[in-house]
Amino acid sequence: MSTKKGPLTHHPIVEHFEEWSAPVNGNKFLEQLARHAYRVCNYDAVKDNYDTFYDSFGKVGTIHFAVKANAEPHVLKALMAKGAGFEIATYSELRLLIESGLTKEVIMQKVNFGQTQKERLDIRKALQDGVRNFSTDNIHDIRILNEEIEDLDIENKDIKLQIRLFNAEGTRSGEGFSQSFNKRYGVNGEQAIELAKQILDYGMTVSGFTFHPGSGSADPTLWDYGIEHAASLTKRMKEELGISISTLNLSGGFDPAVAIEDYRDHLLPKIEAAYKAEGLPAPEHIDTEPGRWLVANTEVLIGKVSNIKINEDGTRIVTLTTGVSENGTLTGLGLDYDYFILKYGKAHKLEKREDVRANIHGRACADFDVLEEDIAIPEELHPDNILADKVFVVIHGAGAYSHYMERNFWCGITPPMKLNYTDFKNCITSEESYELALVNSYAERSGLPLKNAMTFITDRTSDKIGAIKGAQIAEILDNPQLLNKLGMHLLHSVADFVHENVGKK
Ligand SMILES: Cc1ncc(COP(=O)(O)O)c(C=O)c1O
């Protein structure tokens, strides 16, 4: 293991702690945090992360960013500029890529449709937009893919399929989050041979094997089973079906707390050895589909501790002002927490103690609003400690799998205020900047539902609204100034509407 760490906690909030915490008006800051969490964004981090990932895996194959992890246009564009490929789970993700400027040429070469259990309409639209690489693990998927290519007159052999294999012997690969993929995805060796025969019968190409060990797999040996399985099947496919499989797609699962060199130093020699043991050269392409590793540190959430309860068995129940209910699937997602206490209005970092354990919850009145169970917290988080009312928490890793699910979903909780580091710094020191940021943040948010609304309205439902093109809306959503202007326009219209229609009998 290297002494290096992964990018999980690299964020201006940590790196410039003195700069923002020294001038902070502590009590005002806590008041703000009681109203809403902060989501502090640093999307440029994805560029460094990609470069670091590329140094380890860029020379052996294509790196496909898993769009589901964070579809922020800034992130997608930065990765496009780097020449990255992309993994999509739905057609909507491809739309987001196209709206961010991905060309048909790149789509044909570097987009993997990674969901193996696809909707026919998604397949059709993806084919029309140029996608030629698909993962699969079932006959139904292969059949409808074939029907669609026949209908669209696409050359069968140009369709390249990766067969998704099981990642472990049983239903779980490891102990981390999302490691029970085998319950839904993947096939065993015999099934893989049957799928390959079906693909060949349709005249399509079997291009590779893939498997996903589970998101946030800190232990690189969790890939071993899939690698060995892929190596032995590569040999069988050659002997039994006469085909050469040139790609091994290691998919995602890389934990951003772990240095990518640690994965490389285990995985590349492991692949070499496993293929050699079967009398084969290493695969020509060793592709990857990282999601979480590339974007986890592009956002942090900052919330405040609201309540601490001690259960009968000594477990502490810590309730924060932010959690799963307003941020999507944050549960156990390899997050990391830093705790700060305000003393005389200034922030001081608290040390976590392994022997003081807690379950961390958001403020919804539900047991599923749980961020983490049984993790180390500082001793100061105790119900008898009056200073515990002045503790705030920086939640690392919120850039992956949370932003796009953010919603006002349970108990009417206000979603976090989203801004970059500089605006955050201004907000916590100046009341004027804070008031402005509040309006801007919610103005911008009010524009977002339009994106969904627009997909339903056609010129049959409304002449005027239906005439607006999706691309025009995309242009607004992509431009922070325009989006803000639109949000303000909506808020003003609401105000006019209220004046004209409400409270008049
Ligand atoms: C097919 C596929 N590829 C890549 C990923 C990205 O995984 P991660 O974010 O853990 O790297 C996922 C996530 O579920 C996936 O299903």
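Is K469 buried or exposed? K469 is exposed, because 10 other C-beta atoms lie within 10 Å. K469 sits in the loop between α18 (463-466) and α19 (470-477). Helices (H or I, at least four residues) and strands (E, at least two) are DSSP runs, numbered from the N terminus.

A366 belongs to the loop between β14 (353-361) and β15 (370-377). A366 counts as partly exposed because it has 14 C-beta neighbours inside 10 Å. From A366 to S325 the C-alpha separation is 8.9 Å, although the two are 41 residues apart along the chain.

## Basis of the model

This is a predicted model: local features need pLDDT of at least 70, side-chain atom pairs count only at pLDDT 80 or more, and totals for chains, interfaces and linings use all residues. Residues are numbered from 1 along each chain as its sequence is written.

## The parallel sheet

Eight strands form an open sheet in the order β2-β3-β4-β5-β6-β7-β8-β9, with parallel pairing. The edges are β2 (64-66) and β9 (285-287), each pairing on one side only. On average, neighbouring strands of this sheet are turned by 30 degrees against each other, direction ignored. Axes here are lines fitted to C-alpha atoms, for helices over the stretch in contact; angles run from 0 to 180 degrees between N-to-C directions. Two strands pair if DSSP finds at least two bridges between them.

Three parallel bridges link β3 (residues 85-88) to β4 (residues 111-113). One partner pair there is F86 and V111. Strands β5 (residues 133-136) and β6 share four bridges, with N133 opposite K160. Five bridges connect β6 and β7, where Q162 faces G208. G208 also has T247 in β8 as a bridge partner. Four of the five residues of β6 (residues 160-164) are buried. Strand β7 (residues 205-210) has five of its six residues buried, so it is largely enclosed by the rest of the structure.

Strands β12 (residues 336-343) and β13 (residues 346-350) run antiparallel and are joined by five bridges. F340 has K349 as its bridge partner.

## Helix α4

Helix α4 (residues 45-57) has 13 residues, which should span 18 Å at 1.5 Å a residue; its end C-alpha atoms are 18 Å apart, so the two agree. The expected span is 1.5 Å times one less than the number of residues.

In α4, A45, V46, N49, Y50, F53, S56 and F57 are buried. They lie on the same side of α4 because they cover an arc of only 125 degrees around the axis. The arc is that of the directions from the helix axis to the C-beta atoms. The face turned away from this buried side carries exposed D51 and D55.

## The ligand shell

Around the ligand are 15 residues; the closest are A66, G114, S215, G252 and G291. A residue is near a molecule if its C-beta atom, placed from the backbone, lies within 6 Å of it. The shell holds five nonpolar, seven polar and three charged residues. Ala, Val, Leu, Ile, Met, Phe, Trp, Tyr, Cys and Pro count as nonpolar, Asp, Glu, Lys and Arg as charged, and the others, Gly among them, as polar.

Technical notes. Buried ≥ 20, exposed ≤ 12 C-beta atoms within 10 Å, placed from the backbone.
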